[in-house]
Amino acid sequence: MPSLAVRLGTLLLRNPLLSASGTYGHGLEMGGFCAPSGIGGLVSKTVTLEPRGGNPAPRLCETEAGLINSIGLENKGVAQYLEEVLPEVASADCAIITNVGGHHDHEFADVVAMLDERDEVDAIELNLSCPNVDDGKLPLATDPKRAESVVAGARARTRKPLFAKLSPNVTRIGDMAMAVESGGADGITAVNTLLGMAVDWRTRRPGVATIQGGYSGPGIKPVALRCAWECARNVTIPVIGCGGIQTVDDVLQYLVVGCRAVQVGTSSFWNPANLGDLASQLAAALAEQGIDDVNDLIGTLEVARR
Amino acid sequence: MFRGFERERIATDAAADPFGVAILTGPMPAPPKDAVSQLATVVSSRPCGSDAVVLRLAPERPFEPLRASRFFMLRREDGTAPLIPRPYSVYRQGGGASSSTGEAPWVEFLIKVMGRGSRALEAAPIGSQLRLIGPLGNGWPVLDGDGAPWVMLAGGVGSAPFPMAIEQALRGMDGGAAVASRDLHFLFGARDRGLLYDLELFERLGVNVHTATVDGSHGMQGHVLQLLDALQAAGSIPKQIRVLACGPDPMLEAVHARAIEEEWDCWLSLETLMGCGVGICNGCPVPTREGGALAGWPNAKCCVEGPVFAARDIELVGH
Ligand SMILES: Cc1cc2nc3c(=O)[nH]c(=O)nc-3n(C[C@H](O)[C@H](O)[C@H](O)COP(=O)(O)OP(=O)(O)OC[C@H]3O[C@@H](n4cnc5c(N)ncnc54)[C@H](O)[C@@H]3O)c2cc1C
Ligand SMILES: Cc1cc2nc3c(=O)[nH]c(=O)nc-3n(C[C@H](O)[C@H](O)[C@H](O)COP(=O)(O)O)c2cc1C
Ligand code: FES
């Protein structure tokens, strides 16, 4: 049985498979489909300082090769998360990573400070990249200076592993990666959804109520994979790949381009057991290739020499 | 008396709790404990009405008897279907221990062919395997024979959660008194006769069946609520009733408005868009109603807190 354990800074994961924020609830609810003891960790839905009711329906629209969503960060706020969710999630036998969002820059640091006091939280992921607020302007995800300062603000409030989740909606994601690394991030999650749009030409209505939304699923994989690769080659901190993963081949591709772990999002919607299944399939795939340790595969992209 | 609806019970327990809805469904609304993600084999597919099929599936792992108006997420696994599974109410269940012929346990779905998902399911070859996630959702409340008569309002394919509901009510549910067949009225409305799916099946169940079609091709001409008005005016259905409804949005909106106005005990089975069916995508919000058991948070999740809601707990206009 190959060794699957990977390290993200000081965080040791049993295997590289994590849920993606907003696509697996808080994770423990899914215990009937996927045992936490079979995966690396659970990433929470984005938690914000204040409760957020989210966007109006329709919030989802399926497209040819993926899904457009405009959930709008619906969540009951950090107070409810600390009081009710965390004590329950603590029983999960895997890493608990809390994803944090905010409307104003200071909210990130405020929420991080509250999470820092809780032992149940193993790591924190900053959602710098939600396309479903602020009309998709993505201020934090597109301005390296501002992203760096938000990360630095959060860094000052916690010693827990801190990951920054980036948006693919930029020209040079490598610059964003370097900015959050110098802000003090311990890792990078690449990527969040792409801005996308759908329309029903018969009714003239947009697919989601907010007109544009976040595009995810198999259709974004080539874009997301490239983003993850560009991040990995520009920084020394670990990169967590995310976008369009549905099969174990997808997982292996992200590892080869340099990702230390991966997150599985939309494909959980068509099989909520997929995350756990991928972990077992990863072990089998490595064994078949005669690879004893998953770390031997990470970042092994072969580039032809001239 | 109305019993056994889990959310209502928790609601009373949690009434004193300042966190309101967060407690009602627990801090993390979860899919039902009996839900599994598995493969199921297509056993048969028969055309039904003018635009639907009844798909019979044999799951790898069979289910306990299912409460009517629970649902499953369904998807073809061979790459010819859209990615996102589609929600369908369980239409009928059989085989296994209940079967004298020794057939394997099966579940049936009544599928109206509309878009990509339903077209792919309609064309699923016999013997092929589908992804089947469930059973999901809460189902109808306990239908007991101790109170006012039950009126079931079905609009078109909204009839799907009713055959089993009628059988369960007549048999008695969860130790409650059985409903007498004279106290059960099934009102079936549709645009035309072709959309009164499996009407004969309902007529065989021995309850009061009444129909309405918009074009007058069967039963009264008009909508299902007009049919109810007419039956009440004629004295065939009393004023005091308990109501279940499932159908297209405009129909449910009208039923909801009437339920609020006339303070009916009324439950609606909603067919919102769903991404996952298990509570993880937040794609199925149902606006909650001030003063209702779900107030305290602007939205309920249709998949894990429904699909059946008491009319007094939700808002439907513009839904
Ligand atoms: C709990 C639940 C139980 C259901 N039970 C049944 C059932 O037993 N039988 C049945 O035939 N259908 C049922 N539905 C509805 C069914 O899921 C949808 O009709 C189906 O998803 C349509 O998929 P499609 O790919 O064929 O159509 P799509 O291509 O997704 O849509 C075709 C058209 O229908 C519209 N549409 C899609 N979904 C809905 C919806 N839910 N309500 C209104 N308009 C919609 C779209 O906007 C589009 O215009 C149920 C839904 C829910 C939530
Ligand atoms: C319905 C939905 C809700 C999401 N909510 C969040 C969120 O709250 N916070 C976040 O950081 N990312 C969120 N995402 C983005 C995912 O975590 C992930 O980055 C993206 O979907 C790409 O991965 P995928 O193609 O595997 O889904 C959401 C995605 C979807 C589809
Ligand atoms: S359908 Fe995904 S949360 Fe309800």
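Predicted model: local features only at pLDDT ≥ 70, side-chain atom pairs only at ≥ 80, totals over all residues.
How do the residues of the shell around ligand 2 divide into nonpolar, polar and charged?

Select chain A and colour it by secondary structure, and you will find 9 helices and 16 strands. The C-alpha trace spans about 50 × 50 × 45 Å along its principal axes, and buried residues make up 58% of the 306 residues in the chain. Its radius of gyration is 18 Å, which agrees with the value near 19 Å that a compact globule of 306 residues would have.

Next, select ligand 2, which lies between chains A and B. Two elements of chain A, β6 (66-69) and β14 (212-216), each give two or more residues to the shell around ligand 2. Of the 28 residues around this ligand, A20(A), G22(A), S216(A), G265(A) and T266(A) come nearest. The opening question can now be answered: the shell divides into 10 nonpolar, 16 polar and 2 charged residues.

Now select the positions that UniProt, in an unreviewed entry, lists under "binding site", including K165(A), G217(A), G244(A), G265(A) and T266(A).

Stop at K165(A), in strand β9 (residues 162-166) of chain A.

Finish at G244(A), in the loop between β15 (239-242) and α7 (248-256) of chain A. With 24 C-beta neighbours inside 10 Å, G244(A) also counts as buried, and its contacts include G217(A), P218(A), K221(A) and D250(A).

Notes:
Residues numbered from 1 in each chain as written. Chains lettered and ligands numbered in written order. Helix = DSSP H or I, 4+ residues; strand = E, 2+ residues; numbered from the N terminus. Rg over C-alpha atoms; globule rule 2.2 N^0.38 Å. Buried ≥ 20, exposed ≤ 12 C-beta atoms within 10 Å, placed from the backbone. Near = placed C-beta within 6 Å. Nonpolar A, V, L, I, M, F, W, Y, C, P; charged D, E, K, R; others polar. UniProt positions renumbered as here; feature names shortened; annotations may be inferred. Contact = placed C-beta atoms within 7 Å. Lists of a residue's contacts leave out its neighbours within four places in sequence.
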